[in-house]
Amino acid sequence: MTMANRRGVNWPMEAAQWTPKKATARILGQLRDWRYTADENGVGEVVTMLVTEAVTGGEGRISVHMAPQDSEVLVAVLTHRPGRAPADHHTVRQVAAHRVVVECGAHTSAEGPTVWALMDLSPPKRIASQVAKALSGDCG
């Protein structure tokens, strides 16, 4: 995977049952370190879906790649298992339907299937309006 004109980070991980939770924590922690204010529940749900798809029925390793730019973040999960079946279309449709997803997809290369999602990092509007109410003293 090659990136240009944006910062990024990646983590090799074991394809295990606990990996979705660990990958989600790493993504959200890195976004916080880079001072992004994201809908953490939404981003976390999508990362969990992507990583769960990559580790399903497998062993070996995966890698989780993240690259933010402006108010969006790209997360791609590579399986590193040549010959593995492509990503489940049902999972890709679920990811696509999520409120924080701008674009998503799946492809298979010689190294194995990859699933990815480009997500909006804007905080949820309902939270922003609640904060504005609280700041104005209108909490009732």
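The expected span of a helix is 1.5 Å times one less than its number of residues. Helices (H or I, at least four residues) and strands (E, at least two) are DSSP runs, numbered from the N terminus. The model is predicted: local features need pLDDT of at least 70, side-chain atom pairs count only at pLDDT 80 or more, and totals for chains, interfaces and linings use all residues. Residues are numbered from 1 along each chain as its sequence is written, and side-chain values use heavy atoms, without hydrogens and water.

Helix α1 (residues 19-33) has 15 residues and should span 21 Å; its end C-alpha atoms are 21 Å apart, which agrees. Buried residues (under 20% relative accessible area, 1.4 Å probe, protein chains only) of α1 include T19, A23, I27 and L31. Their cover includes β1 (9-14), α2 (40-55), β2 (61-69) and β3. Just after α1, R35 takes a positive phi of about 65°.

H80 lies in the loop between β3 (72-78) and α3 (89-96). H80 is buried, with a relative accessible area of 18%. Its side chain makes polar contacts (N or O pairs within 3.5 Å; within protein, one atom able to donate a hydrogen and the other to accept it, with sequence-adjacent residues counted only if both atoms are side-chain atoms) with the side chains of S63 (2.5 Å) and E111 (2.3 Å).

Definitions and conventions
Buried means under 20% relative accessible area, exposed over 50%, partly exposed in between (1.4 Å probe, protein chains only). Contact means heavy atoms within 4.5 Å.
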